[in-house]
Amino acid sequence: MRSRATGHDEGRAFLDPAVMGPPVVWLASDDASGVHDERIVAADFAQWLRDRTTVGRS
């Protein structure tokens, strides 16, 4: 349950909203033009992008 006083869920921490910045910028770029039907998790974006780049080079 979310506490109105603190803005936090009991026993849970929220991610910093800034974690959305890099994936959103990348998705709006020409580099993402061929990306369709992918699940991109903002917290895992850097690793996802590295994996994608590595696979593209192979």
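Colleague: Is Arg52 buried, partly exposed or exposed in this model?
Modeller: The model is a predicted one. Residues under 20% relative accessible area count as buried and those over 50% as exposed, with partly exposed in between. Arg52 has a relative accessible area of 33%, and therefore its class is partly exposed.

Colleague: Which residue does the side chain of Arg52 meet in a salt bridge?
Modeller: Side chains of opposite charge can pair when their charged atoms come close. The structure holds one salt bridge. In this salt bridge, the N to O distance is 3.8 Å, and the partner of Arg52 is Glu38.

Colleague: How many residues apart are Glu38 and Arg52?
Modeller: The salt bridge joins the side chains of Glu38 and Arg52. This pair links distant parts of the chain, with Glu38 in the loop between helix 1 and helix 2 and Arg52 in helix 2; the separation is 14 residues.

Colleague: What is phi of Asp37 near?
Modeller: Most residues other than glycine have a negative phi. Asp37 is found in the loop between helix 1 and helix 2, and Asp37 is exposed, with a relative accessible area of 86%. Its phi is a positive value in a residue other than glycine, near 55°.

Colleague: Which residue's backbone oxygen does the side chain of Ser33 reach?
Modeller: Ser33 lies in the loop between helix 1 (21-27) and helix 2 (45-57). Ser33 is exposed, with a relative accessible area of 57%. At 3.0 Å, its side chain reaches the backbone oxygen of Asp30.

How values were computed
Residues are numbered from 1 along each chain as its sequence is written. This is a predicted model: local features need pLDDT of at least 70, side-chain atom pairs count only at pLDDT 80 or more; totals for chains, interfaces and linings use all residues. Side-chain values use heavy atoms; hydrogens and water are left out. Helices (H or I, at least four residues) and strands (E, at least two) are DSSP runs, numbered from the N terminus. Buried means under 20% relative accessible area, exposed over 50%, partly exposed in between (1.4 Å probe, protein chains only). A polar contact is a pair of N or O atoms within 3.5 Å; within protein, one must be able to donate a hydrogen and the other to accept it, and residues adjacent in sequence count only if both atoms are side-chain atoms. A salt bridge is a side-chain nitrogen of Lys or Arg within 4 Å of a carboxyl oxygen of Asp or Glu.
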